[in-house]
Amino acid sequence: MVLRRGSFVLLFLAACGGGQASSAAPADLATTGEGAVRAFLQAVADSNITRMARYWGSSNGPAASTGQPAGYEQRLTITQLFLRNSPYKIMSTDPVTGDLKRLQVNLSFDRTDNDGSTCIRTAPFTVVNTGKTGWIVTSVDLTLVGTPGHACNAPRRPT
């Protein structure tokens, strides 16, 4: 009798999946545009490309789920190199004209050059509400953040 009761409990837990999968998904969901930017930048700070891919993609969903665009891992690696070690502050969040599912989250970054000079650079992050997978970052203009180690220098003109 004890064996049967124990078997029933094991079968019940197996059928329910142990309850872990359903509780993990909502915690990973960004419920606001600012939340998506914060989660993305935390993944940048942690050097976690896999987690960055969860909070970056297109209106079709996160790159981690869609596998798109091709070569997204390399793009995120470059993004991580540009944004790491840069304290930031969210300045404002504005709707994108003509698209109710998109917001522009404007950030300021404290940047330091190799020579020790410091400056503040601002850059917009565009985020989209994908519905089922929450808010994700869809674009960042890295040129506005500045080249790592040279972020405060004036941009050079090509000759």
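**A term to start with.** A residue counts as buried under 20% relative accessible area, as exposed over 50%, and as partly exposed in between. The legends below use these words for a predicted model.

Figure 1. The protein has 7 helices and 6 strands. Along the sequence they follow the pattern α-α-α-α-β-β-α-α-β-β-β-β-α. Of the 159 residues, 31% count as buried. Contacts also reach across the sequence. Among those with a separation of 6 or more, 51% join residues 24 or more positions apart. How confident is the predictor? The mean pLDDT is 83, and 79% of the residues reach 70 or more. Residues 1-26 have a pLDDT below 50. Beyond near neighbours in sequence, that stretch has 1 contact in the model.

**Figure 2. Tyr88 pairs with Phe109.** A pair of aromatic rings is described by the distance of the centres and the angle of the planes. The whole structure holds 2 aromatic pairs. In the pair of Tyr88 and Phe109, the ring centres are 6.4 Å apart. The planes stand at 45 degrees, so this pair is tilted. Tyr88 belongs to strand β3 (residues 88-96), while Phe109 belongs to strand β4.

Figure 3. Phe109 sits in strand β4 and Phe125 in strand β5 (residues 118-129). The pair therefore ties together parts that are 16 residues apart in sequence. Both Phe109 and Phe125 are buried. Together, Tyr88, Phe109 and Phe125 form one aromatic cluster.

Figure 4. Strand β4, which holds Phe109, spans residues 99-112. Why does Phe109 count as buried? Its relative accessible area is 1%, and the cut-off for buried is under 20%. Which residues touch Phe109, leaving aside neighbours within four places in sequence? They are Leu83, Ser86, Pro87, Tyr88, Cys119, Ile120, Arg121, Ala123, Phe125 and Val145. Ile90 lies 19 residues from Phe109 along the chain, and their C-alpha atoms are separated by 9.0 Å.

**Figure 5. Helices α3 and α6 cross.** Helix α3 covers residues 33-45, and helix α6 covers residues 72-83. Their axes come within 9 Å and cross at roughly 85 degrees. Angles of 65 to 115 degrees count as roughly perpendicular, so α3 and α6 are roughly perpendicular to each other. Which residues meet here? From α3 come Phe40, Leu41 and Val44. From α6 come Leu76, Thr79, Gln80 and Leu83. These contact residues divide into 5 nonpolar, 2 polar and no charged. Leu83 in α6 is also one of the residues in contact with Phe109.

**Figure 6. Gln74 on helix α6.** Gln74 has its place in helix α6. Is Gln74 buried or exposed? Gln74 counts as exposed, because its relative accessibility is 51% and the cut-off is over 50%. Ile49 is 25 residues away from Gln74 along the chain. The C-alpha atoms of Gln74 and Ile49 are separated by 9.2 Å.

Key. Residues are numbered from 1 along each chain as its sequence is written. This is a predicted model: local features need pLDDT of at least 70, side-chain atom pairs count only at pLDDT 80 or more; totals for chains, interfaces and linings use all residues. Side-chain values use heavy atoms; hydrogens and water are left out. Helices (H or I, at least four residues) and strands (E, at least two) are DSSP runs, numbered from the N terminus. Buried means under 20% relative accessible area, exposed over 50%, partly exposed in between (1.4 Å probe, protein chains only). Contact means heavy atoms within 4.5 Å. pLDDT is the predictor's confidence in each residue, from 0 to 100. Axes are lines fitted to C-alpha atoms, for helices over the stretch in contact, and angles run from 0 to 180 degrees between N-to-C directions. Angles under 35 degrees count as roughly parallel, over 145 as roughly antiparallel, 65 to 115 as roughly perpendicular and the rest as oblique. Ala, Val, Leu, Ile, Met, Phe, Trp, Tyr, Cys and Pro count as nonpolar, Asp, Glu, Lys and Arg as charged, and the others, Gly among them, as polar. Rings of Phe, Tyr and Trp (its six-membered ring) pair if their centres lie within 6.5 Å; planes under 30 degrees apart count as stacked, over 60 as edge-to-face and the rest as tilted.
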